[in-house]
Amino acid sequence: MNSNPTTDQMKRGEFLRSLGMSSAALMAFYCMGTGLTACSSKSDDPSPTPGTPTTSSGLTGNAETAKGAINFTVDLTNADFAKLKTVGEFVKVGNVLIANTKGGKYVTIQRDCTHEHQDLVSYQLASDNFYCNAHGSTYATDGSVTVAIISGQAAMKLYKTTLSADGNKLTVTA
């Protein structure tokens, strides 16, 4: 028996209707079946963000705003933070991002973009600014908005950053 592809094939929509499922029901089923990750707007991937230390060694104090005022010290001789001695490098610690900016100046800002509070901000040495990979907002090293996605977008919170006399410890305070 020969089949005619133009008459014997069923369209996808017809097939789904023949199952008695609407596209909305299928989407809901798909979302539930994948642990809702397919329908979420944010990744729940537990792997660390590049530049984020995976241990707390080399850090003393509080780097999380939920636990009070930011006040901590990082040991730049520790493997988790040693790359900060290189101009252009940055790390994310708790709720902040520390960058070694042009001229070897350390700058610490809030970790999340002020547009939609996503943790996708990085330091760009070439333009000497902070850039949000989610929507393209940019911030100067003083935290001010240089490219806003929305009108009235807030500046990034800037933290006081002090390098020890021996150049091996960096203290960050609110």
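Guide: Rings of Phe, Tyr and Trp (its six-membered ring) form an aromatic pair if their centres lie within 6.5 Å, counted as stacked with planes under 30 degrees apart, edge-to-face over 60 and tilted otherwise. By that criterion, the whole structure holds 1 aromatic pair. The model is predicted, so local features need pLDDT of at least 70 and side-chain atom pairs 80 or more, while totals for chains, interfaces and linings use all residues. Residues are numbered from 1 along each chain as its sequence is written, and side-chain values use heavy atoms, without hydrogens or water.

Turning to the core itself, Phe72, Leu84, Val93 and Ile98 touch the most other members among its 15 residues; such a core joins buried Ala, Val, Leu, Ile, Met, Phe, Trp, Tyr and Cys through side-chain atoms within 4.5 Å, buried being under 20% relative accessible area (1.4 Å probe, protein chains only). Two or more residues each come from strands E2 (71-75), E3 (90-93), E4 (96-101) and E11 (169-173), strands being DSSP E runs of at least two residues and helices H or I runs of at least four, numbered from the N terminus. Beyond four places in sequence, Ile98 has contacts (heavy atoms within 4.5 Å) with residues including Phe72, Leu84, Val93, Tyr106, Leu170 and Val172. Apart from this core lies another, of 12 residues, among them Phe90, Phe130, Cys132 and Met156.

As for the setting, the protein has 3 helices and 11 strands, and 32% of its 174 residues are buried. Of its contacts with a separation of 6 or more, 39% link residues 24 or more positions apart.

Key: Buried means under 20% relative accessible area, exposed over 50%, partly exposed in between (1.4 Å probe, protein chains only).
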